[in-house]
Amino acid sequence: MNKKKLHVKTGDTVKVIAGDERGKTGRITAVNIEKQKVTIEGLNLVTKHSKPSAKNPQGGITKIEAPIHASNVALVDPKSGETTKVGRRTNSEGKSERYSKKSGEVI
């Protein structure tokens with residue numbers, strides 16, 4: 001099966017446009033292409049209860065970042081600092097590149 005590319009990738013700065021974290025920005029730490037979800041640094045924190053184990057003898061409650069669906073985030077243009085849609089085009093060497101639809105510049 002051909003995997004669909006997402007409009008964002010690891011390391012991009014994004015703004016959440018829907019859900020509980022709407023309006024907040026952060027950097028993407030992980031991308032799951034199959035489920036079309038992204039994990040954003042410091043956002044969408046959920047509490048996880050862990051049983052005591054050899055690795056964590058205390059156990060207890062920890063906060064971890066939960067993934068957000070990729071459709072609920074918009075890429076922040078690194079140059080202008082505002083959200084933009086992402087387009088794809090081939091450059092002169094025939095390689096695919098992402099560009100900002102607002103400014104037309106390569107991301």
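Select Asn44 to begin: this residue sits in the loop between S3 and strand S4 (45-50). Strands here are DSSP runs of E with at least two residues, and helices are runs of H or I with at least four, numbered from the N terminus. Check the backbone of Asn44, where phi is near 55°, a positive value in a residue other than glycine.

Before you move on, some notes on the model. It is predicted, so local features need pLDDT of at least 70 and side-chain atom pairs count only at pLDDT 80 or more, while totals for chains, interfaces and linings use all residues. Residues are numbered from 1 along each chain as its sequence is written, and side-chain values use heavy atoms, with hydrogens and water left out.

**Next stop: Gln36**

Now select Gln36, in the loop between S2 and strand S3 (37-40). Gln36 also has a positive phi, about 55°, although it is not a glycine. With a relative accessible area of 28%, Gln36 is partly exposed. For the whole tour, buried means under 20% relative accessible area, exposed means over 50%, and partly exposed is in between (1.4 Å probe, protein chains only).

Step back to Val31 in strand S2 (residues 25-32). Val31 is partly exposed, at 28% relative accessibility. Show its contacts (heavy atoms within 4.5 Å): leaving aside neighbours within four places in sequence, Val31 meets Leu6, Lys9, Thr10, Lys37 and Val38. Lys9 is 22 residues away along the chain, yet the C-alpha atoms of Val31 and Lys9 are separated by 6.6 Å.

**Salt bridges**

Side chains of opposite charge can pair when their charged atoms come close. In a salt bridge, a side-chain nitrogen of Lys or Arg is within 4 Å of a carboxyl oxygen of Asp or Glu. The whole structure has 6 salt bridges; here are some to select.

- Asp12 and Arg98: their closest N and O atoms are 3.0 Å apart. This pair links distant parts of the chain, 86 residues apart, with Asp12 in the segment before strand S1 (13-16) and Arg98 in strand S10. Asp12 is buried at 10% relative accessible area, and Arg98 is buried at 9%.
- Glu21 and Lys24: the closest N and O atoms are again 3.0 Å apart. Glu21 is buried, at 15%, whereas Lys24 is partly exposed, at 41%.
- Arg89 and Glu97: here too the closest N and O atoms are 3.0 Å apart. Arg89 is partly exposed at 33%, and Glu97 is buried at 17%.

**Asp77, a charge without a salt bridge**

Go to Asp77, in the loop between strand S7 (73-76) and strand S8 (83-84). Asp77 is buried yet has no salt bridge, and Lys79, the nearest side chain of opposite charge, is 5.5 Å away. In this count Lys and Arg are positive and Asp and Glu negative, with His and the chain ends not counted. Turn to Ser100, whose side chain makes a polar contact with the side chain of Asp77 (3.2 Å). A polar contact is a pair of N or O atoms within 3.5 Å; within protein, one must be able to donate a hydrogen and the other to accept it, and residues adjacent in sequence count only if both atoms are side-chain atoms. Not counting residues up to four places away in sequence, Asp77 touches Glu82, Thr84, Ser100 and Ser103.
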